[in-house]
Amino acid sequence: MRPYPHTYIMKKGIIFISFFLLTNYSYSFSKTQIFDTQFSQSIFRSFTNLWQNIPQEKVYLHTDKPYYSASEDIWFQAYVLNATTHESKNLSKFLYVELVNKVDSVIERVKIRKDSLRFAGNIKLKPDLASGYYALRAYTSWMLNEDADFIFSKTIFIGNTIDDQISCNIIYGKVIDNKLPITITFKNAYKSPITGKKIQIYTKWKNSSKKKLNSVTNSEGNVGFQLNYDLNDSSKKSIDVSIVDDEIRFQKTFFIPNFSDDFDVQFFPESGVLLGNNLQTIAFKAIASSGLSEEITGNIFTQNGTEVTDFQSTHKGMGRFIAELDASEHYYALVKSSKGIEKKVPLPKIENQGVVLHLNYHKGKFMYQITNRTSLDTKSLYLLVHTRGKVYALQQFNNLEGQISEDRLPAGVVSFAVIDSAKNTLCERLAFVDNKKTLTYELHSDKEIYGKREAVTLDFKINASTQQKVEGDFSVSITDSKTVQADSLSNNIVSYLLLTSDLKGFIEDPAYYIKNESSTHDNLDLLMLTQGWRRFNTADIVKGIYKKHTSYLEIGQEISGTVKNFIGKPSKNCDIIMLALGKSMMKMVKTDSLGRFSMNGIEFEDSTQFILKAKKRKSLTDVEIIPDLDIFPKLSTYIYEPRKVESSAQLDYLNQSKEKYYYEGGMRIINLNEVVIDGGKSKPQSDEPFYSGMEEEERTTKDFEKFQGISLLSYLQTISGIQVNGDAVSIRGNGGSPLFLIDGVESEDSSSLSYFMMTDIENISVFKGVSASIFGSRGGNGVIAITLKKGTTVNTSPSISMTTIMPLGYQKPAQFYQPKYEVDSIRRTSIPDLRTTIYWNPQLKSDSTGNVRFKFFTADKPNDYTVTIEGVTNDGTICRYVGALRRENP
């Protein structure tokens with residue numbers, strides 16, 4: 001990413017708006033004034049402009065497994081979608097995927113370029129990666145214009161049974177007087193205590209009073225100590241533990257839990273306004289200090305202690321009660337947690353005036369009723385209904401109640417808002433429309449049961465209930481059902497895109513809410529009542545107020561920077577040359593009036609190294625080139641750690657992954673201390689160019705010793721047969737300009753040579769006449785090949801006008817390994833096939849009839865397989881299928 005944002009106007013010209021009319025609005029809707037007023041058209045333009053001209057983006061990652069072992073690859077397919085329509089007609093061409101730990105340290109970061117179809121990639125886990133819970137985070141640059149809550153995050157567990165030479169376990173005591181007792185036990189690979197070793201502990205959080213502790217392991221391999229611990233400090237905390245020993249190198253980070261028994265309770269009047277002397281639903285939600293839900297009971301009292309009603313949470317710390325409260329009174333709740341902790345919480349302010357919207361769902365219809373206690377005529381109020389910023393109804397109120405059929409609304413979070421003619425949003429109520437089963441799925445296999453290393457052909461069929469085309473992009477993961485067991489309540493493509501991605505804050509067990517079962521509907525409505533913040537701010541959009549964009553839309557890669565003169569002022573009209581080492585890429589630009597330069601329209605993979613050289617013509621002094629460095633957002637991600645411990649399936653999985661690692665040639669990890677070797681520097685081995693040894697004349701660094709202060713262009717005049725006239729270079733006996741090779745990059749522009757000083761040059765080779773024939777017709781006028789010095793091999797002081805950079809490039813696509821057992825010699829190999837992800841393919845594309853076929857081979861273990869297919873059709877319909885394949889070995 002680059003730190004300088006660019007402004008992009010996404011679409012210009014006429015805006016064409018198509019309106020989806022909701023006509024079944026019962027008797028409360030007048031069917032004659034839906035879109036025929038200037039006011040209505042203005043509201044629709046405000047919303048349509050948001051999702052058509054400045055659309056938000058969503059990202060969802062489908063991974064091949066829910067948990068992993070160190071040394072494995074996390075394979076993922078990213079769906080980057082329009083946040084309103086869920087269509088993949090996104091504008092961003094690059095995506096960032098990060099693996100982060102509990103204190104937001106980035107363990108791995110990859111940049112994914114969109115190919116012709118999609119964003120797909122992988123993250124390679126190191127074999128010494130510590131066990132624990134991590135988060136996969138994904139975002140585009142454009143998404144950084146929205147709140148961090150809407151950046152995709154997925155908690156994954158990564159285990160490690162490979163790095164088993166030293167085990168280190170921690171036990172926490174009870175916090176007393178702000179002191180946290182800690183015991184850490186060290187054991188070797190044979191489960192014997194590691195005794196008599198010096199241990200260093202570094203505390204890593206802002207308010208830690210003591211940063212470093214030292215201790216020695218006792219006869220049981222334990223060290224014990226206390227840390228100052230403020231129960232009111234909710235910041236993320238960790239300690240680094242290391243063994244100080246000449247023969248052993250060991251370091252591990254522990255992330256300290258939050259031990260506070262405190263909890264937070266919030267009350268949410270339905271539609272946001274608590275109106276006095278009005279029978280009204282009030283919902284509530286309790287969150288523990290861990291970030292998870294807390295079950296509570298409580299009572300409501302007046303200020304003088306008179307009890308009004310009681311309440312109790314019914315699901316994930318949420319619940320509701322109905323009360324009529326006096327506007328002249330102040331109320332509070334006395335709340336008790338599941339641990340017996342009590343606290344006093346004031347209720348929201350009671351208003352004398354306002355509008356309240358009550359919503360009730362019954363047999364496929366949303367029944368609504370409003371209470372208008374304002375000076376406004378009810379007929380001056382409008383009901384606005386939108387889903388993800390797309391308006392589906394705007395109607396003047398003629399009555400105080402009515403109904404809307406669920407069938408008229410798309411799946412997902414729906415906003416019901418009451419607005420007035422001055423575009424003020426008076427109240428708002430969220431609801432959820434269950435995912436309609438407009439699509440059904442079929443999976444057909446060529447056999448009922450499969451054996452060991454046997455070919456499998458699967459046909460996946462998407463059926464539409466209408467004439468809807470079902471073309472789309474899909475990804476499929478087939479895993480071992482015994483060792484890979486997904487949490488059925490965690491996010492999937494349906495729950496994330498329809499629910500989680502449109503609400504702020506952490507939602508516990510999100511897939512529970514989209515089961516489309518009667519038992520979940522009341523709890524889903526509780527979530528709608530208590531999730532106070534959402535992606536689309538109705539009040540602002542109605543008035544045409546949009547967020548200012550500070551992050552740019554990344555449709556290409558660029559290299560940019562600043563050039564300053566010797567007194568530190570911007571150097572304008574300065575020449576810049578960029579050369580990609582080992583790549584056929586060279587570009588030249590000039591700085592603008594602010595000394596800025598930008599090279600775009602380039603594409604480069606990760607680990608590409610660039611040389612940047614600046615030169616100010618007709619200047620006796622050197623200029624300084626300052627490239628822009630990659631800048632990434634500082635994000636805080638909540639990593640959800642389930643209350644349950646590791647399952648037996650996870651332990652079987654980790655042991656099998658360890659066995660697979662060693663069979664595939666993985667190296668055992670030995671924790672040795674650093675070794676310093678003192679010796680002479682050997683010459684690095686490198687591939688010589690194909691023309692090496694065929695040149696007619698060669699100059700090396702030894703020849704350049706007396707010419708360190710002059711330019712390359714000036715030096716060429718000292719070579720016999722080369723003529724230089726200004727910037728023009730020729731070889732005597734040839735009529736035109738020779739071919740120049742700068743680190744293998746071809747150029748016929750000799751002016752680029754003026755950018756380099758002789759301190760930058762490693763070698764010059766000159767080809768004339770017959771020797772130039774190896775370059776074919778390109779060498780007709782001779783060839784001058786120039787090799788630049790590589791980084792630290794330069795013995796002289798580096799020039800401030802030249803620098804080397806290696807920005808984050810896009811990940812080179814990798815292929816998921818799939819054995820081909822058609823050949824007998826491969827099928828009969830004795831090396832066990834221990835795959836847990838049997839098949840992964842992020843590049844499935846259905847035809848217009850919804851058909852897609854794929855093939856793979858089974859592994860060795862006689863366990864059944866789970867088939868998970870996720871994707872999105874071209875029109876934004878979200879698809880998910882989970883099925884099974886039978887396996888057995890003869």
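Reply: What follows describes the sheet, and then the protein around it. The model is predicted, and local features need pLDDT of at least 70, side-chain atom pairs count only at pLDDT 80 or more, while totals for chains, interfaces and linings use all residues. Residues are numbered from 1 along each chain as its sequence is written, and side-chain values use heavy atoms, with hydrogens and water left out.

The part in question is an open sheet of 3 strands in the order β9-β10-β13, with antiparallel pairing; strands are DSSP runs of E with at least two residues, helices are runs of H or I with at least four, and both are numbered from the N terminus, while two strands pair if DSSP finds at least two bridges between them. Its edge strands, each pairing on one side only, are β9 (166-172) and β13 (222-228). Neighbouring strands of this sheet are turned by 25 degrees against each other on average, direction ignored, with axes taken as lines fitted to C-alpha atoms. Strand β10, residues 179-188, pairs with β13 in the antiparallel sense over 7 bridges, and P181 stands opposite Q226 in β13.

Of its 890 residues, 50% are buried, that is, under 20% relative accessible area with a 1.4 Å probe, protein chains only. Among contacts (heavy atoms within 4.5 Å) between residues at least 6 apart in sequence, 70% join residues at least 24 apart.

Definitions and conventions
Axes are lines fitted to C-alpha atoms, for helices over the stretch in contact, and angles run from 0 to 180 degrees between N-to-C directions.
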